[in-house]
Protein chains: 2
Amino acid sequence: MIQSQEKPDRVLVRISDLTVQKAGEVVWVRARVHTSRAKGKQCFLVLRQQQFNVQALVAVGDHASKQMVKFAANINKESIVDVEGVVRKVNQKIGSCTQQDVELHVQKIYVISSAEPRLPLQLDDAVRPEVEGEEEGRATVNQDTRLDNRVIDLRTSTSQAIFRLQSGICHLFRETLTNKGFVEIQTPKIISAASEGGANVFTVSYFKNNAYLAQSPQLYKQMCICADFEKVFCIGPVFRAEDSNTHRHLTEFVGLDIEMAFNYHYHEVVEEIADTLVQIFKGLQKRFQTEIQTVNKQFPCEPFKFLEPTLRLEYCEALAMLREAGIEMGDEEDLSTPNEKLLGRLVKEKYDTDFYILDKYPLAVRPFYTMPDPRNPKQSNSYDMFMRGEEILSGAQRIHDPQLLTERALHHGIDLEKIKAYIDSFRFGAPPHAGGGIGLERVTMLFLGLHNVRQTSMFPRDPKRLTP
Amino acid sequence: MIQSQEKPDRVLVRISDLTVQKAGEVVWVRARVHTSRAKGKQCFLVLRQQQFNVQALVAVGDHASKQMVKFAANINKESIVDVEGVVRKVNQKIGSCTQQDVELHVQKIYVISSAEPRLPLQLDDAVRPEVEGEEEGRATVNQDTRLDNRVIDLRTSTSQAIFRLQSGICHLFRETLTNKGFVEIQTPKIISAASEGGANVFTVSYFKNNAYLAQSPQLYKQMCICADFEKVFCIGPVFRAEDSNTHRHLTEFVGLDIEMAFNYHYHEVVEEIADTLVQIFKGLQKRFQTEIQTVNKQFPCEPFKFLEPTLRLEYCEALAMLREAGIEMGDEEDLSTPNEKLLGRLVKEKYDTDFYILDKYPLAVRPFYTMPDPRNPKQSNSYDMFMRGEEILSGAQRIHDPQLLTERALHHGIDLEKIKAYIDSFRFGAPPHAGGGIGLERVTMLFLGLHNVRQTSMFPRDPKRLTP
């Protein structure tokens, strides 16, 4: 066990650096034993480091005894080992490894951390495409087994790629907004009152009282706008006590939130948000091509398509498209999930884009703080954005006038006492502003064409899962 | 009220761009009315945009009527206005404004959002240094008034500077770690069991059961290390149900967390963390000099000093220094807050640094998962880091061996059943690793030499405050 006894002078080489250029060199490598196969006086190991692996050979001879071969053959899979070996060029490419042109001839091998002999899931099974599993009758791993043993499931090349790409989404989001002059803020998650009336909110015992978990940072983003920060963003957890057991709902997810003061029209904000998403898509396709292809191997999917500038449809146009496709819907009716999906397909057919904005939602289906459309009292200055036919962002111009806000809250039957602090934020001069919140796990899922948001949350939380 | 009726072609000019180069031009500006003063047929306004302001003059003449002057004089402070005016060079510098060489001769003025006539606090009072307040008997604003009216308090130049600099800390933290090859992760905040035995943890009603709010992302960072991410970081809320009402405790704060697999010695990690902090300090001093000076005007303070490489003291050395200064302390006793402060002063005197690492804490005062020192069983491979004599980071090599971890948990009297999932994470091969968590609000406070962590949390949470 490495307890920091000493600081040896030894250099550990990365497996990805083991190429023919290193042939003949003696190197030290730390890696996991991915597989091991003994064969007479030899033992073949595949050593793995994240998505890279190399073949290693322990053979009875000058540097290895019979005992050492036996020892190597008995190391449990997934154990971590330190290996000293000579890099040798091979004559025939090793198809099963990423380092195809070399193998390691082992001289010394130490177990740094031993894995238990029985693994709850096999990594090779965990990256097998479902089709292959079904057609060839080979094992795949179901979602609960994966999530119950997430530490192992996250070691697969697919998981490594998904979460490296997700880290890239956050990076690109911040990079784009910082370049646009936005300031990052940190907003509290424990709040004293449930802002939208109290439905779907988790209660926290707060010393001798009750508090709640924030369903969104919206109020705080808006307060920052009223405090003259002008353009703000934040990334943080969002909590929804919704008993929804679907492929796209989590009780805790990561919100990428934007709020911005504008000059004359909320479309100034809509354009900034859409451009931010476009910059994310472009950045992912440019910087994360390897990760996209790795995920595609297990979960095949069409590349994500988008237009510049982003397609913006009004709600009434979408209604017309749906009606033309045979759907019956009222003018002030919200989109159901199946209609949302269908609309996505219709838009893809007509405009060839997987990303679009739906603008001007009926006022009746939006929250009380949504600014009504000045031209049509049944519409509102609000919008959703969609990827592959599923909603990833909801946003609006917010009412910044305390009097109109009070009227709209009363219209919605909201207890004014509970939202007093919210309304009071606008009493000392508030700029017109708009914003929105993006679900990180949904963006990751839909960009990669995956089918369950639990694949893109490292440790997902839903009504039935709180572990690990 | 701007309800997005139209998209006018009008360009709004920033106050910071109003210089003599623009003299003679007619411009539109949107700004807050910082002050207004009527004087016969004239009204002088100071218009403010964040930290910038300019004088504007409404005078009876070609472009303004008597009514307009009266109207301008009656606009409540903090209201937001759109002003059209001619930029005029002034003969005498305007000392009270950031734009000293020009003023704006107003032709049109519209109120975009009106503030209520009585402000709960005056911005000029809110930026007054306390000394000035005390010596000259002028008003300052106490902390509760500030926090109760945070939307206004955050408009001051001092608050704007504090939170822009804080945004910079997060940016520099991520930038440095991304360059070092770290991956950003997102960890859940709702957890099923309180990992360290259940003290100081908030309880959440989770459908029909109870859950808890994470006191740190540590378990999840460690799981990512066991899942081969090698080097990870995260920024997110951390919750502590501690009834501590001090200048440096919050019940919810932002943690900057790091975890990293190392090769042979945990000092590899200590050096990476210390270097990350040094890069943050350097970046702040380079990129945020204006903000530092703005805060210093209200809260004077010596510039923050640090060494390269960072000073690392062992706990026994610190004990010797304290004992030499007359403090009586046992070998296995933890540092009290006053002794921590005193040690900071002694270290500053001797080494001229405001930042140092205290290494090798007594094993007895650290959590059960801390790796014991292999050479001295009373010591541990753990460390704290300090800024201006206050702790900002606590970290350690973590035990990665399930058997030793079990022994240490039993030694601490911890119920093994409750930490089963934690221990199980290490059963399938775990690399040696170490890490630590940094308190964002504390780093901001101590870097700027402020005296209360509530000044560096936008919406602070403590046992007595849950609003706004």
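Helix α14 (residues 440-447) of chain B is mostly covered, with eight of its eight residues buried. The buried set comprises B:Leu440, B:Glu441, B:Arg442, B:Val443, B:Thr444, B:Met445, B:Leu446 and B:Phe447. After α14(B) comes B:Gly449, which has a positive phi near 65°. The model is predicted.

The side chains of B:Arg442 and B:Glu391 meet at 3.6 Å, N to O. B:Glu391 lies in strand β15 (residues 390-398) of chain B and B:Arg442 in helix α14 of chain B, so the pair ties together parts that are 51 residues apart in sequence. Both B:Glu391 and B:Arg442 are buried.

Chain A was examined as a whole. It holds 14 helices and 16 strands. Its C-alpha trace spans about 90 × 55 × 40 Å along the principal axes. Of the 468 residues in chain A, 59% are buried. Among contacts in chain A with a separation of 6 or more, 68% come from residues 24 or more positions apart.

Helix α1 (residues 66-73) of chain A has buried residues A:Met68, A:Val69 and A:Ala72. These residues cover an arc of only 100° around the axis, which puts them on the same side of α1(A). An α-helix has 3.6 residues a turn, so residues three or four places apart point the same way. On the other side of α1(A), the exposed residues are A:Lys66, A:Gln67 and A:Lys70. The cover over the buried residues of α1(A) includes three strands of chain A: β2 (42-49), β3 (52-59) and β5 (102-113).

A salt bridge within one helix was also found in chain A. The side chains of A:Lys420 and A:Asp424 meet at 2.8 Å, N to O. Both residues lie in helix α13 (residues 420-424) of chain A, four residues apart, about one turn of the helix. A:Asp424 is partly exposed, with a relative accessible area of 22%. A:Lys420 is partly exposed too, with a relative accessible area of 43%.

Chain B and chain A bury about 9,200 Å² between them. Carbon and sulfur atoms carry 59% of that area. Chain B contributes 108 residues to the contact, and chain A contributes 108 residues. Across the interface there are 70 residue pairs in polar contact, both residues at pLDDT 80 or more. Helix α6 (residues 157-179) of chain B gives the most to the side of chain B that touches chain A, with nine residues. By class, that side of chain B has 53 nonpolar, 27 polar and 28 charged residues.

B:Arg48 forms a salt bridge with A:Asp228, the closest N and O atoms being 3.4 Å apart. B:Arg48 lies in strand β2 (residues 42-49) of chain B and A:Asp228 in the loop between α7 (218-226) and β10 (231-239) of chain A, so the pair joins two chains. B:Arg48 and A:Asp228 are buried.

How values were computed
Residues numbered from 1 in each chain as written. Chains lettered and ligands numbered in written order. Heavy atoms only, no water. Buried < 20%, exposed > 50% of the residue type's maximum accessible area, 1.4 Å probe, protein only. Arc of directions from axis to C-beta. Contact = heavy atoms within 4.5 Å. Buried area = accessible area lost by both parts, 1.4 Å probe. Polar contact = N/O pair within 3.5 Å; in protein donor to acceptor, adjacent residues only side chain to side chain. Nonpolar A, V, L, I, M, F, W, Y, C, P; charged D, E, K, R; others polar. Salt bridge = Lys/Arg side-chain N within 4 Å of Asp/Glu carboxyl O.
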